[in-house]
Amino acid sequence: MYKAYVEIIRMRFLMMLAYRVNYYSGIIIYALNIGAYYFLWKAIYGAQESLGGMTVTQMTTYVAVSWMARAFYFNNLDREIANEIKDGSVAIQFIRPYNYIVVKMMQGLGEGLFRFALFSVPGMVIVSLLFPVELPTDPFVWGMFLLMLFFSFLINSQINIITGLFAFFLENNEGLMRMKRVAVDLFSGLVVPMSFFPGWAQELMNLLPFQAITYLPGAVFTGKTAGGGVYHVLGIQLIWFAVLIVPLYVLWRASRTRLFVQGG
């Protein structure tokens, strides 16, 4: 079974490779986004050296690494699952000798590995040449960031799968998927770092899993979180990964009794 899951990762990677030109152009689009945020934050900082506990250089680095990390953990598993539920093809998955949820995770991982190798890495190199990005020199920071980036993928994929499974109950969960995407981008710290929110908002966001997707890994990469704090934020990711398994399992068990097909 392990070999089957590895093959699923390989197949999704090769499938994405067939459309690699789209992702090469995507690097340019992401670079433009990062450039827009760079000049925006530079104007916001003005003559100030630090805001929200981050210097201009740290903010530039945070924006760059956050957007390039998004290319790895981002996927459309929610939409894929919703479409398979709507056309009834998910029923075939029930009789196959593997776990549907794990298969979706492996497909997302195959896509993420493709994006990481052919999008995030070359994109980060290009952005580092265009903007004043300060990359860490400590191998420990790189190692912890990559580990946390993997958990960012897991947590984001769990949220996507949970959102997709709601199609069993809502019939059309398009609005829910759009709301989820906005919530992830905003509350994860991709658009605005959490440290820039007012205290009450930060306390509320600490109760949500979104911070574990973008803000925590970005804080480690930029040096905002260092020393023993690195293990603390990694622990937060581990906790959220474990917590999200519960609603995912419960929802999947309940979903198996509500299969229906829309259309003929």
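Tyr215, Leu216, Pro217, Gly218, Ala219, Val220, Phe221 and Thr222 are the buried residues of helix α11, where buried means under 20% relative accessible area with a 1.4 Å probe and protein chains only, exposed means over 50%, and partly exposed lies in between. Helix α11 is mostly covered, with eight of its eight residues buried. Helices here are DSSP runs of H or I with at least four residues, strands are runs of E with at least two, and both are numbered from the N terminus. The model is predicted: local features need pLDDT of at least 70, side-chain atom pairs count only at pLDDT 80 or more, and totals for chains, interfaces and linings use all residues. Residues are numbered from 1 along each chain as its sequence is written, and side-chain values use heavy atoms, with hydrogens and water left out.

What do the buried residues of α11 pack against? Their partners are β2 (54-55), α3 (56-73), α6, α7 and α12, contact being heavy atoms within 4.5 Å. Just after α11, Gly223 takes a positive phi of about 90 degrees.

I turn next to α12. This helix covers residues 228-255, 28 residues in total, and reaches 41 Å from its first C-alpha to its last. That is close to the 40 Å expected at 1.5 Å a residue, the expected span being 1.5 Å times one less than the number of residues. Among the buried residues of α12 are Val233, Ile236, Trp240, Leu244, Leu248 and Trp252. The cover over the buried residues of α12 includes α5 (90-94), α6, α7 (139-165), α8 (167-170) and α11 (215-222).

The buried residues of α2 include Tyr23, Tyr30, Tyr37, Tyr38, Trp41 and Tyr45. Elements covering the buried residues of α2 include α1, β1 (50-51), β2, α3 and α6.

Now to the packing of α1 and α6. Their axes are 8 Å apart and meet at an angle of about 45 degrees; axes are lines fitted to C-alpha atoms, for helices over the stretch in contact, and angles run from 0 to 180 degrees between N-to-C directions. The angle makes α1 oblique to α6, given that under 35 degrees counts as roughly parallel, over 145 as roughly antiparallel, 65 to 115 as roughly perpendicular and the rest as oblique. Residues making the contact include Ile8, Arg12 and Phe13 of α1, and Met106, Glu111 and Phe114 of α6.

The last topic is charge pairing. How many salt bridges does a search of the whole structure find? The search gives 10, a salt bridge being a side-chain nitrogen of Lys or Arg within 4 Å of a carboxyl oxygen of Asp or Glu. One of them joins Glu111 and Arg12, with the closest N and O atoms 3.4 Å apart. This pair links distant parts of the chain, 99 residues apart, with Glu111 in α6 and Arg12 in α1. Glu111 and Arg12 are both buried.

Lys180 and Asp78 form another salt bridge, at 2.9 Å from N to O. Lys180 lies in α9 (residues 174-187) and Asp78 in α4 (residues 77-87), so this pair ties together parts 102 residues apart in sequence. Glu84 and Lys104 also meet in a salt bridge, at 2.8 Å from N to O. Salt bridges that share partners join Arg12, Glu80, Glu84, Lys104, Glu111 and Arg115 into one network.
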